[in-house]
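Please look over the sequence and the model below. The briefing that follows takes up a ligand site and then a sheet.

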Amino acid sequence: MIIINEVKVMKAHVRMIKSKKQTIALVPTMGYLHEGHVSLMHKARNLADHLIISIFVNPIQFGVGEDLDKYPRDLEHDKKLAAQARVECIFHPTPEQMYPAGYATSVDVEGITSGLCGASRPTHFRGVATVCAKLFNIIEPDVAVFGEKDFQQLAVIRRMVEDLNLNVQIVPHHTVREEDGLAMSSRNAYLSPEERTHATVLYRSLQHARELYKAGQKDARTVREAAVALIRSAPGAVIDYVEIVDPVTLQPLGTIVPGAVMALAVKFGRTRLIDNMVIAG
Ligand code: AMP
C-alpha cells in the first residue's frame, strides 16, 4: 500500500494504472476510520481492479465554529485498517495541495442542499461537492462508494455527477451500526459515556417511525411527531431536524409513500449526530 500526499504524484500514479487498462474504485473519507468505512472499502474492493481511498479532512466543508480543529485523526490506525481491507493506495493530501494560494472555484448543487443538514450548515455541501469533484478529477475513478449514512451527501453527489456528466458510477452502501443500533461515525468519539447511551434514541426513533408506518400510519406529521417525542425523552438530546422526505428530491412529504426516508440530526452536548432510514417500502 502506498501513501501519496501530492496531487501531481497522485495523477501520475493514476496515469500508470490507466496505462495498464485497470479500473479504479475510490472511497473518499475524512479518516479516523471505523467499521463503516471498512465495509465501504470491502464493497469497493469487488468493483474494480485497483482500490484507492482518500483521507482528507476537508476544511471548506466545515462552517465557522464547527469542529474542524478537533476533528479526530489517527493516520497510523487508518493505515492498518486500509491495509487489512486490501487498499492499494491512500491519497492523503494537505489542505495546501488541494486549495493552493489563489484557489477560487467551487461547485454548488442547488435545491437539494437547502433543507435538512443544509439549513443549519449552509456552506457544507458546497465544500463536499467541490472536494468530491476535485477527487474525481485527480483520481478518475470508474466507481466511487458512498455511505447511505450521509443520505443528503449521497443525493448531492449523485446530482452533481449527473449534472456535470462526470464519468464515475456512484455506488451506495448501507449504514453500518453498532450493536445497539447507533450508526458508526468518527464523531461518536466525542460522546461522553452518558451521551453515548442516550444517543441510541436516534435509531430507536427511526425504527419506531417505520413500525408506525407498517401498522398503517401514513400521515407524515403524525409519524414525525411520534419520533420527535421519543427523541425529546432522551436526556440531553437537542433536535436540529427530523423530516420525512422524498429520497430523490429531499422534499418533505405530507403522506408517507414507498421509499420515504426519515432523516434526522440531533445534538448531544456539542456533538451533532445524523442518521436516516427508509421507513416505508
Ligand atoms: P466520513 O469519513 O465521515 O466523511 O465518511 C466517509 C464515507 O464513509 C462517506 O461516504 C460516509 O457516508 C461513509 N460512512 C461513514 N459512516 C458510515 C457508516 N456507519 N456506515 C456506512 N457508511 C458510512
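How many nonpolar, polar and charged residues does the shell around the ligand have? The shell has six nonpolar, eight polar and two charged residues, where Ala, Val, Leu, Ile, Met, Phe, Trp, Tyr, Cys and Pro count as nonpolar, Asp, Glu, Lys and Arg as charged, and the others, Gly among them, as polar. This is a predicted model, in which local features need pLDDT of at least 70 and side-chain atom pairs count only at pLDDT 80 or more, while totals for chains, interfaces and linings use all residues. Residues are numbered from 1 along each chain as its sequence is written, and side-chain values use heavy atoms, with hydrogens and water left out.

**Ligand site**
- The ligand is surrounded by 16 residues (a heavy atom within 4 Å), and the closest are H37, G147, D150, V176 and M184.
- Oxygen atoms of the ligand lie 2.9 Å from a backbone N or O atom of M30 and 2.9 Å from an N or O atom in the side chain of H37.
- A nitrogen atom of the ligand is 2.8 Å from a polar backbone atom of M184.
- α2 gives the largest share of the shell, three residues; helices (H or I, at least four residues) and strands (E, at least two) are DSSP runs, numbered from the N terminus.

**Sheet**
- Three strands form an open, antiparallel sheet in the order β7-β8-β9, where pairing requires at least two DSSP bridges between two strands.
- Because β7 (237–245) and β9 (271–278) stand at the edges with a single partner strand each, one side of each is left without a neighbour in the sheet.
- Eight bridges join β8 (residues 261–268) to β9, and K267 has R272 in β9 as its bridge partner.

Definitions and conventions:
Polar contact = N/O pair within 3.5 Å; in protein donor to acceptor, adjacent residues only side chain to side chain.
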